[in-house]
Amino acid sequence: MTKNTDKLSKFSQVLSQLRKERGISQKKAATDLGISQALLSHYEKGIRECGLDFVIRCSNYYNVTTDFLLGVSDNRNGASSIFDDDDEYRSLATLSQAAKQLLDTAVSVSSGGTAQQFVYDYYMLSLYRGALTLAKTGAIPKELFKIDYTVARDLASAAIAVEDAKFALIEDRSRSGSDNTGYTATAQLIEQAETFIMENYIID
């Protein structure tokens, strides 16, 4: 009996949390889900237990798995995570270190002013593009974005391509004789990206 109560309590918490993340009222969520506000309030407070059909409806509405809604899994979209912190090769720490190394390098080869603005814009747009993808999976609220996802995705990709072209105009400092021994994370990132491209996009 306690386990069922715990699951119901977890479902209620997650249901309320997802609605608040979206920044929508209980009335709007209830209308969208096809139930009364009073009933949704009962579900969010754990006063009443809903049926499986409502769980599935909520899953589709909030773009999360039913397992996440029920508190069985912490993974919102159900996809196997490619970032396993127990696997150093694919750890978030490596990704973070590589990003820092690349940013530091980009700033060091930039003479300041316009060049540094290019660096900032390029990485800002790249992170924005990644945020759009996360929003599509439901990992972050879509309400954070003012531009429609499909339009924003295309515009961001085009803007990144333009900034990428601008980078080519920055002076090439690759022959400066810099020490490459400190770029372990960057080397791993490059290896992973090239392996991914070769396996998924290059046909023999």
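1. Tyr-61 is buried, with a relative accessible area of 15%, and Tyr-62, at 5% relative accessibility, counts as buried too. Buried here means under 20% relative accessible area, exposed over 50%, and partly exposed in between (1.4 Å probe, protein chains only).

2. A word on the source: this is a predicted model, where local features need pLDDT of at least 70, side-chain atom pairs count only at pLDDT 80 or more, and totals for chains, interfaces and linings use all residues. Residues are numbered from 1 along each chain as its sequence is written, and side-chain values use heavy atoms, with hydrogens and water left out.

3. Arg-22 is worth a look beside Tyr-61: the charged end of Arg-22 sits over the Tyr-61 ring, 4.6 Å from the ring centre. The criterion is NZ of Lys or CZ of Arg within 6 Å of the ring centre and within 35 degrees of the ring normal.

4. Searching the whole structure gives four aromatic pairs. Rings of Phe, Tyr and Trp (its six-membered ring) pair if their centres lie within 6.5 Å; planes under 30 degrees apart are stacked, over 60 edge-to-face, and the rest tilted. Among the pairs is Tyr-43 with Phe-54, whose centres are 4.8 Å apart and whose planes meet at 45°, so this one is tilted. Tyr-43 belongs to helix α3 (residues 37–45) and Phe-54 to helix α4 (residues 52–62), so the pair ties together parts eleven residues apart in sequence. Helices are DSSP runs (H or I, at least four residues), numbered from the N terminus. Both Tyr-43 and Phe-54 are buried.

5. Back to Tyr-61 and Tyr-62: their ring centres are 4.8 Å apart with planes at 70°, so the pair is edge-to-face.

How values were computed. Helices (H or I, at least four residues) and strands (E, at least two) are DSSP runs, numbered from the N terminus.
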